[in-house]
There are 2 protein chains.
Amino acid sequence: MEHYYRDLREYLSVLKENDLLYEIDRPVKKETELTAISRLQYRGMPEDKRKGFIFNNVESVSGRKYDIPVATGIYASSLRMYALGVKAEPTRESIVGKWEKAQLSPVKTRMVESARVQDIVIKGDDLDKDGKGLDSLPIPVELPGFSGQIRTSTQIITRDPETGIRNVGNYSAHLFGKRKMMWEINRGNQGIIHWNKWKKLGKPMPAAIVVGGPPSYFFVGAAKIPYGVDEFDIAGGFAGEPVDMVKCKTVDMEAPANADIIIEGLISTEYMEPGNAFGEYTGYMATDVWLRPVIDVTAVTMRKDPVFVHIMSQFPPSESSKVRQVSSENVYLKFLKYDAKVPGIIDVAWHEMSQAQWCVIKIKKQNKSHPWQVLNMAAAYDLRWGKFFIVVDDDIDIRSMDAVIWALGWRVQPARDVRIFSGKMPGLDPSAYSPGASHEEKEFPGGVGSSGILIDATIKYPYPPTSLPRKEYMENALKIWKELKLPELNLVEPWYGYELGYWPDEFRKDAEDIVSGNVYKIGERLGKLRQKV
Amino acid sequence: MEHYYRDLREYLSVLKENDLLYEIDRPVKKETELTAISRLQYRGMPEDKRKGFIFNNVESVSGRKYDIPVATGIYASSLRMYALGVKAEPTRESIVGKWEKAQLSPVKTRMVESARVQDIVIKGDDLDKDGKGLDSLPIPVELPGFSGQIRTSTQIITRDPETGIRNVGNYSAHLFGKRKMMWEINRGNQGIIHWNKWKKLGKPMPAAIVVGGPPSYFFVGAAKIPYGVDEFDIAGGFAGEPVDMVKCKTVDMEAPANADIIIEGLISTEYMEPGNAFGEYTGYMATDVWLRPVIDVTAVTMRKDPVFVHIMSQFPPSESSKVRQVSSENVYLKFLKYDAKVPGIIDVAWHEMSQAQWCVIKIKKQNKSHPWQVLNMAAAYDLRWGKFFIVVDDDIDIRSMDAVIWALGWRVQPARDVRIFSGKMPGLDPSAYSPGASHEEKEFPGGVGSSGILIDATIKYPYPPTSLPRKEYMENALKIWKELKLPELNLVEPWYGYELGYWPDEFRKDAEDIVSGNVYKIGERLGKLRQKV
């Protein structure tokens, strides 16, 4: 079997082979230009045309030049790139297959003695020197004009001190000093469970922050994997071989041997500091200044030739929205199908623009209650995610908004098929509280939490056929279309009519008569049924 | 001023000039092939690539050949074609301008003495001959395999016997005999008001059925113009000159002088016959066999060189869905803005796939109650149309599902912002009743009618800025993008960040510091706020 990418370099070379990488040699300012340039592609190019960027000449507005290049948009600027990242074909089915395998057959990590990510080790007083340690990293400003900070938006590894099981989460670590970062952690995330346990022990929590590496680290970190599962085992499941881990140099933690950069540190359980504004995936700035745990950085280790990987996040679509979408789809599919074991689950789609808020589930309907079992189960999976949950029948293309709106339009009676529920944690959802509200209010607004909406958009009884010609006539038309050399077609479903349970014999008979040219015969049949008004 | 299209021929020649017409000379069977061929383009080509079709060699499965060509998809296969049809630029703004002018400055019709549409007049016993009258028309089967009939899906003109004011509606007339058609009329349509008045007088209702002509006839017939307005006056408003009308030959009615074909008849108020199955714009077959008034055809008049125009309807997108979308948008915009005089109305979008069911209204929000005034007003306008009504702020592109889903995702708390209402007439909505239900049940299911849903997706208090770089940085990036000769961009809104009311001074200050490279300065500020846990 072809092996998975050993490191970032192997992956970047595949991007280049596929013409999926812009290499920018022009000097680019990390505070004002870098992210604005790459942002343009997400607001101005269709998904299938997007590529990754590598900036080889990064400098500061102060004039300082950096040795380390910055790559961004390289993991998931499109579904095609995501598929490359998990060595799948660029189809939903192939990616689902990879995710099912990774989740159902995880592979335990393997310890190694030495690692390229420890080629260079900066620790102790060296961390305070200009151009060393954190200060050597060309971290770009994400949203010039609004961001109040810089951060690594990558994986943070922590450990449950009781079970010893690691958690990897795509938290961000905000850089505010040569040894000081802050941990952006929402109270609903799994990492907080670890932190509370370390706090109870009266000890700081060891942590490793991962920058760069093959795409799988990022993909599993972004997924809502259940508590108590080491996400690197899922990454091993993708690769079909263990992820190599190495002991950290200054803290009791392990880090992936093939990352580009590791930041080691101790997350204080004693001190916290307020945060400031940064951009979030909701499409708005996060402005809550609640207290965040401080990270005392103890070491920065790296390869001799590292690349600083910046994740395009914030306003969707972006790299993080694509990753969140695909991960969520596969995690919810796996939960409903294999854990909750709800019958008839076919597929799950999360809309990239609302990310955690618009979820469409395709089912083979088993009975009238089945859609509600699916809706309630999906709504229950995560405390925060999900506002609109919609269940549709198996003839609806859940990745086509046209098809979903069609189902919502003609298969839903709101008074019968819609339910509103409360009790969710709003997380970053700005609709749930005013920005000046207290932290407690933001955690669970009004004492009832934030709310969601469940929509059963399946058909409720037999329906008449769809109003398209039957398959045989459309297939014949397709032959004539090609014979006439009319322009190429990219057919979307449904492209021919099909029955949905209701089609009485007299209509079937009329339909046969009419294609035989017998219109007056039908007129005679109806004429016999003439009535006086 | 450039005059409006005088007839169909003038319009067809403009389509040709713009490479928007496929001319098919191959023999094509009207029962099994014609509509299936043209249907392919709606399921397989993006809107901006669609064209009209003219079939010059139409034959029957019986082997009979027709002299009259069939045109289909010529009026509204795309917004660009619709714009051509009203002599507008292919932009929303230009089309809105034409519709506002037409509705606010209608032009009364003008009677003429003779008309090309009466070049040939078939009446009396001639109507019964093979290949004469209705029998000469190459009416195609819409949905081979499902349709149980053929019909003209065009404009039917009737008159209020009390006020004398005409109504033009896009009803269909189903052909079942050489002199017999049936009038497909829903109890919620305006035409039924006329019919009831004629019935009270104990007389049959004179009617003229229009086939072919310039696009404006079709566009106004499809619009929800208020009762008591002659739609041909609105067509005159589009043209900036009167529509010429001629006296019918056998009934007391007038018909447009520049149509291709007019079918004259008397709609019985004495006899009705049940219908059978035909395809509807909902995307499903209509299967209700309720009784329809019978049309006794008294004459067929036509030009010497008529074209039979078939409207692509049924499964959306189609020609009729485009027309319904644009008409609805403009009629609702006009109603809210000029009749109801609700302040702050900017634009209205109806989604083409659900047609009458998904309506998004863009407002400049005046106060907290304003969105509900707009929602209730829009929901009240028509008894049948509208299931999802959504109001958004003026920064949302209401024609982009991405933007609408983004607003639904992060500006809505369902428990606070969503209301369900009942009391609508379901019309053709198959979600409202099972196909076997009684006619009374179908008219107003369960005694409560069908239901809709109102969603206030505006922001409810000041929001933080959107998470995109500020305008000045994006504009600078755009310069660099062009300098680097990166691929062409088609920017969508929003492509730069903007404020939404909440942006405290300390965040503004941090954002200035960070683009000046002063990250450690911000770290010091936050460090002073350090707290013990």
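Tutor: Two strands are said to pair if DSSP finds at least two bridges between them, and a strand here is a DSSP run of E with at least two residues, numbered from the N terminus. This is a predicted model, in which local features need pLDDT of at least 70 and side-chain atom pairs count only at pLDDT 80 or more, while totals for chains, interfaces and linings use all residues. Residues are numbered from 1 along each chain as its sequence is written, and chains are lettered from A and ligands numbered from 1 in the order in which they are written.

Student: How do you know that strand 16 of chain B and strand 19 of chain B pair?

Tutor: Strand 16 and strand 19 (residues 291–302) of chain B are joined in the antiparallel sense over 10 bridges, and because the definition asks for at least two, they count as paired. Within this pairing, Ile267(B) stands opposite Ile295(B).

Student: What makes strand 13 of chain B a partner of strand 16 of chain B?

Tutor: Strand 13 (residues 205–211) of chain B runs antiparallel to strand 16 of chain B, with seven bridges between them.

Student: Which strand of chain A pairs with strand 16 of chain B?

Tutor: Strand 26 (residues 531–532) of chain A pairs with strand 16 of chain B in the antiparallel sense over two bridges, and since at least two are required, this pairing meets the definition. Gln531(A) stands opposite Met272(B) there.

Student: What makes strand 1 and strand 20 of chain B edge strands?

Tutor: They belong to an open sheet of four strands in the order 1-3-5-20 (chain B), with mixed pairing, and strand 1 (21–24) and strand 20 (308–310) each pair on one side only. Strand 20 of chain B runs parallel to strand 5 (residues 70–72) of chain B, joined by three bridges, and Ala71(B) has Val309(B) as its bridge partner.

Student: How many residues does each chain bring to the contact?

Tutor: Counting residues as in contact if their C-beta atoms, placed from the backbone, lie within 7 Å, the contact takes 127 residues from chain B and 128 residues from chain A.

Technical notes: Contact = placed C-beta atoms within 7 Å.
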